[in-house]
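Please view the sequence and structure below before reading on.

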Amino acid sequence: MSFEQRLLSWYEKSKRQMPWRKKDASPYEVFLSETMLQQTQVEKVKGYYGRFLARFPSLSDLAEAKEEEVLKLWEGLGYYSRARNLLKAARAIQEKHGGSFPEDKESLLSLPGIGEYTSSAILAIAFHKREIAVDGNLIRVFSRLEKEGENKDKKMKEKCRLFFLDRLKDADPSDFNQALMDLGEMVCLPHGMPHCHECPLSSFCRSKEDGSMLSYPPKKEKNIRKVEKRTVLLIRHKDKILIRKRPDRGLLASLYEFPNYEGFLSETEIRDKLSGLDIEGIHEIGKGKHVFSHLVWEMKGYEVAVKNRDISDEAWISKEKLFKDCSIPSAFRFVLRQLM
C-alpha cells in the first residue's frame, strides 16, 4: 500500500468523532472550529463550538452580532482576538464577497484572523482543494518521518507542506488533512514516546529506524515570560459590584475586569487608590495566577465593602448581570469563584 493508502485506511478506522467533522462541513463551520482550536484543546472546544453555532448558525447571523455578545460566548476560551477577528471576517465576507466564503487563497488571506494555516484548512476541508494545512502536529510528523532538523520555522513549514502535498495523490484533501491532524494528536505524540506500533506510516519513518523519534523536531529555546504582580479588588456596594472595561487595544482588549493595580498593595495603598470611596472594610480573598503566551500574572485578591458609589468611568452592576452579560477573562476566575 502507498503512503496515502495506509494513512487513509488507518483514518477510516481510527478517526476522532467531533461535532465539526462531517462530509458536508461548510466553510463557516471549518473556519469557526479551526479558529477555536488554535492553542486550545479539542475537548474544551467541543462545548463552545456547539453553543456558538446554536446562537450563530450561519455566517450572516454572526455578521449581525454585537461584539460584546460574541466575547461573552467566547468567555473562558482565551486569546480573545480570535473572537474579534471571527466577527470582523464575517462582516467582511458579507460586505465584500456577498456573504459567501471566497474559494481562493489570496482572498481568504485578506480576511481578518485568517492566516496561512486557516486558509489552507478551509480550502482543503470545506472546498476539497489540494492544500496542506501545516501546523505543529504536521511538522512533528514530517520531521520524524524524514529526520528533518531544520530549525527555521518558515523553511520547515514549506518543506512540510511540499512533502505531504507530494504524497496527496487520489485522496479527498479533506480526509487527507484531517487524517494527518489525528495522527499527530493520537499517535505521533508531542510529549513522551510516540505510539509507533499504532502508526500506519511507521514503515516510512526514518527516525523509527534508529529510535531517534524524540530528537525531532529539534527543540527550540523557550521564551522567558515576564512576571507581573497585581492586586485585584472585588468592590461591593450593597448588591452591586464594581467592574470596568479594558481598552479597545492590547491585552484582553474590550473585556470587562475587576479593578486591579500593579504590585501587591497594602491595605493603606488600597485605600489610597480608592480615595473617592467610603470604605467599610477590606479582607483578603485569595490568590490567583494566570499564564499568557508572553506574560504571567501573579495576583492577590481583596474584597472591599463600600458605603457609596461615587466613582467615574466605572460600572456598578448586579452579580446576575455580570454573569449573564459581561465577558470576564478567566484570569480573574479566582475572584469569580467568590461570587458563585
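## Basis of the model

This is a predicted model, in which local features need pLDDT of at least 70, side-chain atom pairs count only at pLDDT 80 or more, and totals for chains, interfaces and linings use all residues. Residues are numbered from 1 along each chain as its sequence is written, and side-chain values use heavy atoms, leaving out hydrogens and water.

## Overall form

The C-alpha atoms fill a box of roughly 75 × 50 × 30 Å along the principal axes. Of the 340 residues, 51% are buried (under 20% relative accessible area, 1.4 Å probe, protein chains only).

## Nonpolar cores

A nonpolar core is a set of buried Ala, Val, Leu, Ile, Met, Phe, Trp, Tyr and Cys residues joined through side-chain atoms within 4.5 Å. In the largest, of 96 residues, Phe52, Phe164, Phe176 and Phe258 touch the most other members. Helix α6 gives the most to this core, with seven residues. Another core, of 14 residues, lies apart from it and includes Trp316.

## Arg82

Arg82 belongs to helix α6, residues 81-96 (helices are DSSP runs of H or I, at least four residues, numbered from the N terminus). The side chain of Arg82 reaches the backbone oxygen of Thr35 at 3.1 Å.

Key:
Helix = DSSP H or I, 4+ residues; strand = E, 2+ residues; numbered from the N terminus. Polar contact = N/O pair within 3.5 Å; in protein donor to acceptor, adjacent residues only side chain to side chain. Buried < 20%, exposed > 50% of the residue type's maximum accessible area, 1.4 Å probe, protein only.
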